[in-house]
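Please keep the sequence and the structure in view while reading.

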Amino acid sequence: MTKPLLDQTPDHRSLKVLRDAGVISPASFWAGIRQMNDPQEWARWAARLCMVLGSALVLAAVVYFFAFNWDALERMQKLGLLQALTLGALGAGQWVGFRRLGGQLLLMAAAIFVGVSFAVFGQVYQTGADAFGFFGIWALCILPWVLAGAFAPLWVLWFVLVNLTVWLFWNQVGQFNSLLHYSYICIPLTVLNGAGLLLRERLATRYEWLRGRWLRPLFLLGALTPLLIPALDLIVDSSAGGGYAMFVGSVIWMLCLGVTYLYFTRCQFDSTALCIVLGNAALYLITAIGRMLEEADLFDDGAGFFLMALVIVGVTALLVWWLRELSQRHGSTAGSLQ
Amino acid sequence: MKLRDLLNDDQIEPAEAALAQAHPEAMEVKDPVILKVLTAVSAWVASLFLLGFIVLAGQPDESSTFAIGALLAGLAIMVHYSQKNAGTFVAQSTLSCMMCGHLMMLVGVVLIMDYQSDEMLTLAITQTLLCALPVWIFRRAAYQLIALLLAAFFWTYYAVEMDAPWLFRLVLAVQVSALAALTLWRGRRSSFGYALALSVGATLFFLDWIQSMPRNARFDEALWPTNLIIAVFLAAIGGHLLPVANRWQPKVLVLFVMLVALAFLSSPGLLFAIALLTLGYGLRDPIYTGLGLIGLPTFIIFFYYSLQVSLLEKSGILLASGIVCLLVAYLAHSSLEKGASVEAANL
């Protein structure tokens with residue numbers, strides 16, 4: 001049988017509940033807090049804080065020391081230093097264990113050092129290589145660690161690098177002197193992040209490290225946002241050229257919205273993912289109505305502003321109602337973990 | 001000691017009700033965070049469109065700017081009090097309406113004064129008077145924060161303009177005293193306390209920023225009074241958290257002197273971040289802890305970044321400070337281990 005609530009020993013939570021309800025006097029509240037204060041806990045907390053602070057300061061000191069001597073260092077010393085840091089992080093990670101958080105963070109640090117090494121290599125030898133090559137090689141080199149690391153943030157880092165590679169390739173080479181419309185690059189970016197989302201959905205049942213709640217919304221945003229830009233652009237400025245490309249982009253974006261909506265309502269209910277999908281649609285709808293009001297010259301005398309305020313209120317209310325309705329139908333409002 | 005022992009007889013019933021209501025099983029399921037964010041953003045955008053409509057359609061002059069501002073604020077306060085359990089959209093709409101009203105009142109006063117007198121002083125005095133709204137009437141954390149930040153910013157800017165460090169210290173002392181009164185004396189968790197903590201942090205960051213500029217070097221001379229204000233606050237936190245028997249123990253006093261000495265050598269912001277961390281950990285309050293965790297690296301980075309010495313000297317200073325911290329960590333750790341082994345031997 002559980003003890004009555006007031007016969008339990010005070011803890012922080014119950015004391016705070018009583019304080020927030022205005023039931024307990026300040027003097028009694030502090031007396032309760034003081035009673036719970038364990039000097040050993042405080043010492044442990046202070047030791048941990050000093051350890052983190054001290055390590056950060058010593059590391060910063062090392063960085064400043066090399067920054068001071070950077071110009072005086074030989075090429076090989078500069079590169080050797082970064083290689084040593086990479087190997088050091090890997091060695092320390094192996095020692096800690098790559099299945100533990102410390103080891104995984106060290107593996108991530110090693111992956112970042114690889115990028116820094118390439119940047120310094122480009123600076124020292126003035127290779128003149130394009131930026132997309134730098135990010136592409138970096139992503140390629142750390143791929144084995146990404147696959148073996150079983151660490152979601154490292155996976156995300158790899159996807160960010162590949163996104164940057166694709167985007168920079170388009171900017172520097174792919175658009176053929178601005179002959180091609182930017183909408184064409186949004187499609188591969190959506191495909192890339194959509195593939196990430198698909199992989200996450202397929203593998204999450206098998207691998208626990210892919211089940212983080214933040215991973216699904218991140219990939220979903222990465223997949224929908226690139227094509228939302230040409231879709232909105234088509235409404236706002238369809239006369240600027242690239243109409244066909246923007247139209248194709250908009251159609252694919254709408255298809256993506258439909259597929260993800262069906263998936264997250266029927267196969268794998270997730271209110272957070274649905275909020276992203278419906279939020280995309282709401283933004284599109286608000287922009288379209290705003291454009292119509294602008295074409296009717298309603299913004300000049302201020303009436304358009306008033307109508308837009310009403311439209312935003314209406315669309316948001318519809319979004320909230322729809323999402324709550326879906327959540328009630330599925331008996332939960334919390335985002336699924338799977 | 002039981003919870004019951006901390007309460008008077010007449011507090012027992014409401015306490016049981018409060019605890020039962022806060023029980024995890026009694027809590028309502030909430031909307032996902034992203035929906036709240038989306039709704040809040042749309043509320044703000046809708047309010048801005050409404051403001052655009054008022055400005056364009058009405059084209060108000062000086063006094064009507066103030067009047068419309070007051071009207072908006074009044075409307076927001078009315079909705080705020082009539083809708084106690086309002087959803088995110090209504091809550092954010094009233095918040096944005098209140099902020100727009102507040103800013104319009106502020107701009108209205110400056111326009112009415114017609115820039116005749118000292119503009120910054122007018123702004124500072126008006127903003128301080130307007131702070132009565134977030135403190136007593138419209139108690140929302142974001143509004144309180146912005147109102148306090150604006151007041152602190154205007155006064156600090158005026159203090160710098162007039163080259164009056166005493167005024168800066170006075171503003172800071174008022175903010176810190178209010179924070180201490182709320183958190184320690186009244187022992188209440190309030191959005192105003194969080195807003196004050198952030199506002200003090202921002203004021204101290206502003207001080208650091210001024211100091212890094214060569215033309216305001218006169219503010220450099222007297223950092224110790226600012227440090228003293230924060231040190232008194234830290235001492236008050238320690239006094240509230242430590243049992244009476246432990247307050248004057250040599251270990252505690254040495255730790256306190258070390259902390260204050262460290263802060264006197266660096267910046268008051270660092271000491272304030274430590275104070276927030278201590279308060280946050282003592283109360284297990286994630287917001288004070290979070291503010292302290294953000295403040296600590298921010299003030300450290302800013303301090304070392306703005307040091308006017310060579311990179312090699314900076315490296316040396318950093319190394320020395322790092323070693324001191326690691327030494328303290330080692331001593332604390334070894335004393336813990338010693339305590340544990342003595343306990344094991346006694347068993």
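Contact, as the word is used here, means heavy atoms within 4.5 Å. The model is a predicted one. In chain A, 66% of the contacts with a separation of 6 or more are between residues 24 or more positions apart. The corresponding share in chain B, again among contacts with a separation of 6 or more, is 69% for residues 24 or more positions apart.

Chain A has 12 helices and 0 strands, and its pattern along the sequence reads α-α-α-α-α-α-α-α-α-α-α-α. Chain B has 15 helices and 0 strands. Of the 338 residues in chain A, 42% count as buried; in chain B, buried residues make up 44% of 347.

How are the buried nonpolar residues organised? In soluble globular proteins, nonpolar side chains tend to be buried together. Here the largest nonpolar core has 63 residues. The residues with the most contacts inside this core are Leu15(A), Leu18(A), Trp30(A), Ile33(A), Leu7(B), Phe233(B) and Phe272(B). Helix α13 of chain B, residues 268–283, contributes the largest share of the core, 11 residues. Leu18(A) illustrates how the two chains come together: leaving aside neighbours within four places in sequence, Leu18(A) is in contact with Val23(A) and Ile24(A), and also with Leu3(B), Leu7(B), Ala15(B) and Leu19(B). A second, separate core of 54 residues includes Met108(A), Ala111(A), Leu197(A) and Leu227(A).

Another link between the chains involves a charged residue. Glu41(A) lies in helix α3 of chain A, which spans residues 39–69. With a relative accessible area of 28%, Glu41(A) is partly exposed. Beyond its neighbours within four places in sequence, Glu41(A) is in contact with Tyr281(B) and Arg284(B).

Ser96(B) is found in helix α4 of chain B, residues 88–113. Because its relative accessibility is 0%, Ser96(B) counts as buried. Apart from neighbours within four places in sequence, Ser96(B) is in contact with Ala43(B), Trp44(B) and Ser47(B).

Helix packing in chain B may be followed through α7(B). Two packed helices are described by the angle between their axes and the distance between the axes. Helix α5(B), residues 119–130, packs with α7(B), residues 141–161, at an angle of about 150°, with the axes 9 Å apart. Angles over 145 degrees count as roughly antiparallel, and α5(B) and α7(B) are therefore roughly antiparallel to each other. The crossing of α5(B) with α7(B) is left-handed. Residues of α5(B) in this contact include Met120(B), Leu121(B) and Leu123(B), while those of α7(B) include Phe154(B), Trp155(B) and Glu161(B). By class, the contact has 12 nonpolar, 2 polar and 1 charged residues.

Helix α7(B) also packs with α8(B), residues 165–185, at an angle of about 155° and with the axes 8 Å apart. This angle makes α7(B) roughly antiparallel to α8(B). From α7(B), Ala152(B), Trp155(B), Thr156(B), Tyr158(B) and Ala159(B) meet Leu167(B), Phe168(B), Val171(B) and Gln175(B) of α8(B). Here the contact has 7 nonpolar, 2 polar and no charged residues. Trp155(B) and Tyr158(B) of α7(B) take part both in the contact with α5(B) and in that with α8(B).

How values were computed
Residues are numbered from 1 along each chain as its sequence is written. Chains are lettered from A and ligands numbered from 1 in the order in which they are written. This is a predicted model: local features need pLDDT of at least 70, side-chain atom pairs count only at pLDDT 80 or more; totals for chains, interfaces and linings use all residues. Side-chain values use heavy atoms; hydrogens and water are left out. Axes are lines fitted to C-alpha atoms, for helices over the stretch in contact, and angles run from 0 to 180 degrees between N-to-C directions. Helices (H or I, at least four residues) and strands (E, at least two) are DSSP runs, numbered from the N terminus. Angles under 35 degrees count as roughly parallel, over 145 as roughly antiparallel, 65 to 115 as roughly perpendicular and the rest as oblique. A crossing is left-handed if the near helix is turned anticlockwise from the far one by less than a right angle, and right-handed if clockwise. Buried means under 20% relative accessible area, exposed over 50%, partly exposed in between (1.4 Å probe, protein chains only). A nonpolar core is a set of buried Ala, Val, Leu, Ile, Met, Phe, Trp, Tyr and Cys residues joined through side-chain atoms within 4.5 Å.
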